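Me: I'd like to learn how to read a sheet and its packing from coordinates. Can we walk through one example together?

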Amino acid sequence: MIAAPSRTMTVLRIGLLAAAATGCLSVALLTGLPARAQDSNPVIAKVNGSEIRESDIAVAEEELAPSLAQMDPATKRENIIKFLIDMKIAAKAAEEKKVQDRDDFKKRLGFAKDRLLMDSLLATEGKAATTNEAMRKVYDDAAKQIAAEQEVRARHILVETEDEAKQVIEELKKGADFAELAKKKSKDPGASDGGDLGFFTKDQMVPEFSAAAFALEPGKISDPVKSQFGWHVIKVEEKRNRKPPEFDQVKGQIETYVTRRAQAEYVTKLHDSAKIERLDQAANDKGDAKPDAAKPDTKADTKPAEPAKKK
């Protein structure tokens, strides 16, 4: 129902790395807790004395999710454990070879640290903003806009020519059933349903069709209407104000929207207060920098997605 802010998609990668950061923090905290608390995070395996715990499996599962999607739970778990064992062995070998002292490793480590810090911070900010009150407000505002929009439920018969459309209208005037005639003569894929299009708003249909359908009163039949698909004969069954979905039906979408909006706004606030110098920007003939030349639009795009056009 609601589109996420566009800036968020370019500056955030909330999910896998945020979960990894949270998992790593959990392991660190558990180290100092009593043995009873450790029971909820048992040791699953040891590799050269280094422990692999249940929390490590959870973190790895988040990170490896795309490649494990088709596996059953037991196979997935076994593959994760084997991966962690191999990772521990390889990591130890890398340490012995002093890989951690290489410049390229340090750069990657620095990048990973910054990414984890960013994702963890933004995950916290997003969660804090996603209150029931905030979600309800978004829902109520959207519901008001939806309820103000009219919907029409109509059937149609689609034919190739105007003459065919006129013949259909003559048969209907003589008492033919619209739905049965649609099944016999309409070339539309929905003909098997008696030409029933269900409820739709004006912007969900091509303009010519919408103009004719919304001008009709319930029970009335249109004159032939031409569109890019052919010639239509339209019967309006019912009109009503558009009914918004129940809150629980769209709660997940609203939660995602509110989270990403909060994150985008937070990043924008940080961006605006930061001192940013783009040394790669071209200078003019006087040697002056052009600080705004490539500055992106930082406003969150909160416009709902456009629905697809129906025939």
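Me: In what sense do E3 and E4 pair, and over how many bridges?

Reply: Start with the ground rules: this is a predicted model, where local features need pLDDT of at least 70, side-chain atom pairs count only at pLDDT 80 or more, and totals for chains, interfaces and linings use all residues. Residues are numbered from 1 along each chain as its sequence is written, and side-chain values use heavy atoms, with hydrogens and water left out. Helices (H or I, at least four residues) and strands (E, at least two) are DSSP runs, numbered from the N terminus, and two strands pair if DSSP finds at least two bridges between them. Here E3 and E4 pair in the antiparallel sense over 3 bridges; Arg153, for instance, has Phe199 in E4 as its bridge partner.

Me: What is the strand order in the open sheet?

Reply: The 4 strands run E4-E3-E6-E5, with antiparallel pairing. E4 (196-200) and E5 (225-227) are the edges: each has a single partner strand, so one side of each lacks a neighbour in the sheet. From one strand to the next, the twist averages 40° (axes are lines fitted to C-alpha atoms, for helices over the stretch in contact; angles run from 0 to 180 degrees between N-to-C directions).

Me: Over how many bridges do E3 and E6 pair?

Reply: Strand E3 (residues 150-159) and strand E6 (residues 230-241) are antiparallel over 10 bridges. Arg155 has Lys235 as its partner in E6, and Ile157 sits opposite Val233.

Me: Is E3 largely enclosed or open?

Reply: Buried means under 20% relative accessible area, exposed over 50%, partly exposed in between (1.4 Å probe, protein chains only). In E3, 8 of the 10 residues are buried, so the strand is largely enclosed by the rest of the structure.

Me: Which strands does helix H10 lie across?

Reply: Contact means heavy atoms within 4.5 Å. H10 (residues 207-215) lies across E3, E4, E5 and E6, at about 50° to E6.

Me: Which residues have the most contacts inside the largest nonpolar core?

Reply: A nonpolar core is a set of buried Ala, Val, Leu, Ile, Met, Phe, Trp, Tyr and Cys residues joined through side-chain atoms within 4.5 Å. The largest has 14 residues, with Val152, Phe200, Phe209 and Ile234 having the most contacts inside it. H10 gives the largest share, 4 residues.
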